[in-house]
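I opened this notebook page to look up how aromatic rings pair with one another. My entries follow the order in which I looked things up.

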Amino acid sequence: MRIVFDNIFSNLIKYAEKSEPISIIAVTSDNKISIRFLNKIKKEENKVESTCIGIKTCERICIHLGGKFNCEINEDIYKTYIEFPIIKNQIERKD
């Protein structure tokens, strides 16, 4: 999970428009937690194309852990969405 969050926050630092707020929304429902990250993409004259290897790695990690990972660009807004099941710890009590 650390790799996933490191990648998300690293991308926000590199690519988000610094003058605009970043929205992070976490919601729990139906035994899952969903976290959405939304940011405005910074405009750069010398934009370097990404290989998206970090995104692909995050997707594989999330799927391996039983979750979902998705990202998309709508105009100048970048959205990242992750979802995981909530697994409750059951500790056997001996009375």
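Entry one. I note at the start that the model is predicted, and that my search of the whole structure returned 2 aromatic pairs. I looked up phenylalanine 5 with phenylalanine 37, and found an edge-to-face pair with 6.5 Å from centre to centre and 65° between the planes. This pair links distant parts of the chain, since phenylalanine 5 sits in helix H1 (residues 2-15) and phenylalanine 37 in strand S2 (residues 32-40), 32 residues apart.

I went on to phenylalanine 9, which forms an edge-to-face pair with phenylalanine 37, at 5.7 Å centre to centre and 90° between the planes. Phenylalanine 9 belongs to helix H1 and phenylalanine 37 to strand S2, so this pair ties together parts that are 28 residues apart in sequence. For phenylalanine 9 I wrote down 36% relative accessibility, which counts as partly exposed.

Which residues do the ring pairs link into a cluster? I recorded Phe5, Phe9 and Phe37 as its members.

Methods:
Residues are numbered from 1 along each chain as its sequence is written. This is a predicted model: local features need pLDDT of at least 70, side-chain atom pairs count only at pLDDT 80 or more; totals for chains, interfaces and linings use all residues. Side-chain values use heavy atoms; hydrogens and water are left out. Rings of Phe, Tyr and Trp (its six-membered ring) pair if their centres lie within 6.5 Å; planes under 30 degrees apart count as stacked, over 60 as edge-to-face and the rest as tilted. Helices (H or I, at least four residues) and strands (E, at least two) are DSSP runs, numbered from the N terminus. Buried means under 20% relative accessible area, exposed over 50%, partly exposed in between (1.4 Å probe, protein chains only).
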